[in-house]
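Me: I'm new to this structure and would like a close look at a single part of it. Could you take the sheet and walk me through what surrounds it, salt bridges included?

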Amino acid sequence: MRVAILLYDGFTALDAVGPHEMLCRVPDTRVTMVAREAGPVRTDTGELSLVAERAMRDVHRADVLLVPGGGQRGTEAMMRDADAHAWIRRIHRRSVWTTSVCTGSLILGAAGLLRGLPATTYWASRPYLKDVGAVYTPGRFVETGKIITAAGVSAGMDMGLHLVSRLTDDKVAQAMQLAVEYDPDPPYDTGSPEKADAATRALALKLLADAAR
């Protein structure tokens, strides 16, 4: 089972690494980081790089495609990147699953894959789904056909675990959850905009903007 995670300048680290952690130990599965060119790719904060093992032009097929989200700069650039869109569409034609995390759904939408389909994204970006023809649907992840979109950042771990069950079975997915000790018990309950007040929502967006490079 070949999994390709698309990296680009300004992607969000956990969007890629969270699902990677769930998928990389699945039996008979190979997870590969892919970018425009092989080599280090900077995250949205500019303080971390992940290494892309292969260039997009050298990857012609994947059973699973995962597109992470990013900061505003990175996401908007990818939404305008016709070459990346063409590559995404080529991989999607033969994929078993095409997935995204956070604002990665806007990139899938810009590539033309979400027209008329239910999808989710980062909470502050929900209004933009309609601009790419998708229909916002609540949920930590939304599965429609062979496309799965996850909500913001940490939701990629939930989606990754769900994907493990789709690629194998519930028993393997349950064992994987234990293997990575994924048992969330946060000290606060402000993890969705519906649970947070206006001041907290504004501060959350400011923290993201201030950290962007």
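This is a predicted model: local features need pLDDT of at least 70, side-chain atom pairs count only at pLDDT 80 or more; totals for chains, interfaces and linings use all residues.

Reply: Here is a walk through the sheet, then the residues and salt bridges around it. Residues are numbered from 1 along each chain as its sequence is written, and side-chain values use heavy atoms, with hydrogens and water left out.

Let's start with the sheet itself. It's an open one of 7 strands, running β5-β2-β1-β6-β7-β11-β10, with mixed pairing. (Strands here are DSSP runs of E, at least two residues, and helices are runs of H or I, at least four residues, numbered from the N terminus; two strands pair if DSSP finds at least two bridges between them.) The edges belong to β5 and β10, each with a single partner strand, so one side of each has no neighbour in the sheet.

Now look at β1, residues 2–6, which pairs with β6 in the parallel sense over 3 bridges. Within that pairing, Ala4 stands opposite Leu65 in β6. Helix α5 packs on the sheet and touches β6, β7 (97–101), β10 and β11 (147–150); contact means heavy atoms within 4.5 Å. The direction of α5 makes about 165° with that of β7, where axes are lines fitted to C-alpha atoms, for helices over the stretch in contact, and angles run from 0 to 180 degrees between N-to-C directions.

Next, find Asp63, in the loop between β5 and β6. Asp63 counts as buried because its relative accessibility is 14%; buried means under 20% relative accessible area, exposed over 50%, and partly exposed in between, using a 1.4 Å probe and protein chains only. The side chain of Asp63 reaches the backbone nitrogen of Arg2 at 2.7 Å. Leaving out residues up to four places away in sequence, Asp63 touches Met1, Arg2, Ser95, Val96 and Trp97.

On to the salt bridges, each being a side-chain nitrogen of Lys or Arg within 4 Å of a carboxyl oxygen of Asp or Glu. The structure holds 12 of them. Glu37 forms one with Arg57, with the closest N and O atoms 2.9 Å apart. Glu37 sits in the loop between β2 (30–35) and β3 (39–42), and Arg57 in the loop between β5 (54–55) and β6 (64–67), so this pair ties together parts that are 20 residues apart in sequence. Glu37 is partly exposed at 44% relative accessibility, whereas Arg57 is exposed at 52%.

Asp158 is buried, with a relative accessible area of 19%, while Arg140 is partly exposed at 38%.

Glu21 and Arg25 join their side chains at 2.6 Å, N to O; Glu21 is partly exposed at 30% relative accessibility, and Arg25 is partly exposed at 48%. Finally, Arg36, Asp81 and Asp83 are linked in a network of salt bridges.

Note on methods
A polar contact is a pair of N or O atoms within 3.5 Å; within protein, one must be able to donate a hydrogen and the other to accept it, and residues adjacent in sequence count only if both atoms are side-chain atoms.
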